[in-house]
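Hi everyone, thanks for making time for this.

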Number of protein chains: 4
Amino acid sequence: MRFSIETRLVYRFAAPCEVLLLVEPARTGRQRILSETWRTPRAGRLARFEDPATGQRRAFLDAEGDVEVVYSAEVETDPEPHDFGACPAQRVRDLPADVLEYLRPSRYCPSDRLERLARREFGGLDGGAKVAAILAWVGDHLTYEPGVSDSASTALDTLTDGAGVCRDYAHLMIALCRAADIPARCVSAYAWRLEPPDLHAVVEVWLAGRWWLADPTGLAPLDGLVRIAAGRDAADVAFMNIFGNAELLEQSFRVTRLESLAAVA
Amino acid sequence: MRFSIETRLVYRFAAPCEVLLLVEPARTGRQRILSETWRTPRAGRLARFEDPATGQRRAFLDAEGDVEVVYSAEVETDPEPHDFGACPAQRVRDLPADVLEYLRPSRYCPSDRLERLARREFGGLDGGAKVAAILAWVGDHLTYEPGVSDSASTALDTLTDGAGVCRDYAHLMIALCRAADIPARCVSAYAWRLEPPDLHAVVEVWLAGRWWLADPTGLAPLDGLVRIAAGRDAADVAFMNIFGNAELLEQSFRVTRLESLAAVA
Amino acid sequence: MRFSIETRLVYRFAAPCEVLLLVEPARTGRQRILSETWRTPRAGRLARFEDPATGQRRAFLDAEGDVEVVYSAEVETDPEPHDFGACPAQRVRDLPADVLEYLRPSRYCPSDRLERLARREFGGLDGGAKVAAILAWVGDHLTYEPGVSDSASTALDTLTDGAGVCRDYAHLMIALCRAADIPARCVSAYAWRLEPPDLHAVVEVWLAGRWWLADPTGLAPLDGLVRIAAGRDAADVAFMNIFGNAELLEQSFRVTRLESLAAVA
Amino acid sequence: MRFSIETRLVYRFAAPCEVLLLVEPARTGRQRILSETWRTPRAGRLARFEDPATGQRRAFLDAEGDVEVVYSAEVETDPEPHDFGACPAQRVRDLPADVLEYLRPSRYCPSDRLERLARREFGGLDGGAKVAAILAWVGDHLTYEPGVSDSASTALDTLTDGAGVCRDYAHLMIALCRAADIPARCVSAYAWRLEPPDLHAVVEVWLAGRWWLADPTGLAPLDGLVRIAAGRDAADVAFMNIFGNAELLEQSFRVTRLESLAAVA
């Protein structure tokens, strides 16, 4: 599929500071950047980096005063597999070294506190069946409702509240997977057909030697995701890290599918 | 320096389970393994891995029943630098990609909650001077006292309690460094002259293009450390991850310096 | 029913300090103290007080060194009603002034955080039916297991853990009742037939103009309780408040039913 | 002193619900209500109660739809003493029964977690000198800054943040006093000269047989307070408890001193 994406950020910086932007789609075997443009107040102040191992791309901005940045791109994606249901159980010793960290608790996914719950609810299951059960359980136990959680909310808060937004759904599913000895991580993405338009947070679990996508909110088609970054939880994949203080003035995220237009031509 | 180390673990496993052991010293440019031995109930059941990027080495054990494992080694180390005081301020954009994650909050180091404190106490400082101030502040504000914290204690708990053990000291220093925009991580190590003998947790901060050791407890000489692993916090460098349940029967960690013996010969 | 009770406490006090003991059964319309004795190192150092409004009785001790105190009594009780199931809904404005505080969150019962859960699970119910549903829900969701919780555990921790002891069961039920606009409080009591013998924590809810007993653990017969004190949560009804430091050496709580003996005579 | 006060509350209630209002000044030996008026949509729906023991007065409203209520009064007050500095140390056993609960942890004042800090900072002091030291310490360690805390913030959060509003200052001071064995409670009040005009939260400590006022924010003169209610923490003295859901449309609190006007006449 082909998508046109656009991120627009307008912030006020009272004092000069560095900003890390994680909004460019990753360059992966399944995702090609056809074209892209950055518009910033002064082009020379943007520094871009690409991580060769993961294809994740980040940009640094020296920001001061009122700053508007716009990133736009056209991206072509091949759908990523997400039918993990039949994956067999796996042994921890067979996990690659760089997957092990996704078994461990993180800031927003304190999986060490959920081991009892995971054992009680999913103790009899294994592999893909266990992940499918966790995915369904999270969907059953949570209500999508903005305003309940905030940037400090953890998977424990979400479990107590029974409500949250995509990031909270992802954190709870990730924490439960890790508590059940399944590596899991958080993926930030552009999401076609997500309403209202926004960046999306979904989950990846490691089974049968690869990562599989899952969206516990069920709010957007998995084939319509354009992946930005993966990390332990929302702390790792925030679209913006401000090393100083700033005030949000305006921001928007837009995804349009281009296939249908092409089909018309 | 040359050290002889020995770890002895005796645990009871009611049901078969996998155990990840992080007790072998890392193989680094400054640390050479002269010899080493594992004693386990059945040798064939131990699987060992080495991470080529970091030199960290881990072992997996299939455990069942009462299990005694003993790891012993002789290691030669070159002292690692820890006189970071004169390091200049650094920009976030100049940090290597694999250092960025050590700026972010983690399970036991919720640095996002300490930004106000970091700004108030250390806001006027930069680079090595800032880290030196944080190191001194942690030493001043904490009392070394076993029994106050437990495995769920975070840097916030330690800040409230004003007391803890090496892991708590490390977590608070790490969280404050990250809150002050200094990458910081947790290092597990054998520690010569630590009393009573135990594994030790210390801190590494990234300044001027490299990692520097710091021990906020001041309980053991930095030159007597034999490094095992580095990670975001204690969750990443636990010497033992049990994927199931177990009961501790006995354990001990021993470090002896060999130099003086050699000198006698 | 008639019961013989005995509390024996042996503690070591490194420095002189005051101790508040809440172990004497309350004197109420349904509970008569037939006889009682205190044994302390020096009798003159015990000061006893009775609250005329509630009949609760407390004792203060000046403690120093190794101290053994023994309180024993014979008590006659009339069973307290606990068949609240048919109680109708009630209006907040009809609650007595001194009942209102039991609608509010307390240290271990942060009911403000459970309002969403209460609404989702019990929103369609009222009065006694709602309390009965909460009682059953707590019993279904928790496993009685010592060692999971500690003295800092709140109802939120217990909800996450799905396990705890009598005090944790009580806190979760109390928090859910308050979140559902039902006044609820914590009662400490001697509990005949509780195994192993210990003080017990149960719940009282206010419905239809009076307090009703409930025991979410179901571990001891309600008619075998000898009430000591009621309060917002375990903080209010602790059997011992030490205003200083002490080390527990030994303690025991014993309840024997006397009726059967009398019947033999 | 004589004050004119006015509270105006405009809320939207999607469904009918009960509302508890704690906005009427208490009637005490030092505070006389000269006149007062309630304006509500339908006067008959307001039920008012006065607690004979404390003089605290509360009102219940059956609310539905958009509701505006206005309470206004003229009140005459005698200044309450607040020069507690010379009060001697006190023994717990000498505290009245109804003061003991103010030694215990509460929802927002988990004093049990601050005992180590209290001992370290104020361990060598007693009585009024200890309270004076706590008052100064809280003022030194906190910055008054709206927006840092929210309705779930506890004294521990405030200690970590080093910032908050009047309620947070009060909670931290109360928690520290209790941790130091000084009974302390939270008082809600109208506050003359508080800018911007709002209800105020201050502290009362029990020393030498009576309660003494203290304001850790120092934002308003103690002699200009018109007391509404006292309780364990903000949960007990909230000016509004909504037993259902509501949306705030507008609210204001006003205090004017009348003395000077009288002096002119």
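Let's start with one residue: is His171(C) buried or exposed? This is a predicted model, by the way, so what follows is computed from that prediction. His171(C) counts as buried, because its relative accessibility is 1% and the limit for buried is under 20%. You'll find His171(C) in helix α4 of chain C, which covers residues 166–179.

Who is around it? Setting aside the neighbours within four places in sequence, His171(C) touches Tyr108(C), Cys109(C), Ser153(C), Ala155(C), Asp233(C) and Ala234(C). Take Ser153(C) from that list: in sequence, Ser153(C) and His171(C) are 18 residues apart, and their C-alpha atoms lie 9.4 Å from each other.

Now to the helices. Please turn to chain A and helix α2, residues 127–141. The buried residues of α2(A) are Gly127(A), Gly128(A), Lys130(A), Val131(A), Ile134(A), Trp137(A) and Val138(A). They pack against α1, α3, α4 and β8 of chain A.

Over in chain B, helix α1 runs from residue 115 to 122, and Leu117(B), Ala118(B) and Phe122(B) are buried in it. Looking down the axis of α1(B), you'd see these buried residues fall within an arc of 100 degrees, so they line one face of the helix. As a reminder, an α-helix has 3.6 residues a turn, so residues three or four places apart point the same way. What covers the buried residues of α1(B)? The cover includes α2, α3 and α4 of chain B, together with α3 of chain D.

Next, the aromatic rings. Over all chains, the count is 36 aromatic pairs. One of them is Phe49(B) with Phe60(B): the ring centres are 5.7 Å apart and the planes stand at 80 degrees, and since an angle over 60 counts as edge-to-face, so does this pair. The pair joins distant parts of the chain, with Phe49(B) in strand β3 and Phe60(B) in strand β4, eleven residues apart. Phe49(B) is partly exposed at 31% relative accessible area, whereas Phe60(B) is buried at 1%.

Another pair is Tyr144(B) with Tyr169(B), whose centres are 6.0 Å apart and whose planes meet at 35 degrees, so this one is tilted. Here strand β5, holding Tyr144(B), is linked to helix α4, holding Tyr169(B), across 25 residues. Tyr144(B) is partly exposed at 37%, while Tyr169(B) is buried at 4%.

In chain A, Tyr102(A), Trp206(A) and Trp211(A) make up one aromatic cluster. Charges sit over rings too: Arg210(A) lies over the face of Trp212(A), 5.2 Å from the ring centre, and the charged end of Arg185(C) is over the ring of Trp211(C), 4.0 Å from its centre.

Last topic: how many disulfides are there over all chains? The count is zero. For Cys87(B), the nearest cysteine sulfur belongs to Cys177(B), 12 Å away. Cys87(B) is buried, with a relative accessible area of 11%. For Cys109(B), the nearest cysteine sulfur is that of Cys186(B), at 7.1 Å. Cys109(B) is buried as well, at 0%.

Definitions and conventions: Residues numbered from 1 in each chain as written. Chains lettered and ligands numbered in written order. Predicted model: local features only at pLDDT ≥ 70, side-chain atom pairs only at ≥ 80, totals over all residues. Heavy atoms only, no water. Phe/Tyr/Trp six-rings, centres within 6.5 Å; stacked < 30°, edge-to-face > 60°. Helix = DSSP H or I, 4+ residues; strand = E, 2+ residues; numbered from the N terminus. Buried < 20%, exposed > 50% of the residue type's maximum accessible area, 1.4 Å probe, protein only. Lys NZ or Arg CZ within 6 Å of the ring centre and 35° of its normal. Arc of directions from axis to C-beta. Contact = heavy atoms within 4.5 Å. Disulfide = S-S within 2.5 Å. Expected span 1.5 Å × (residues − 1).
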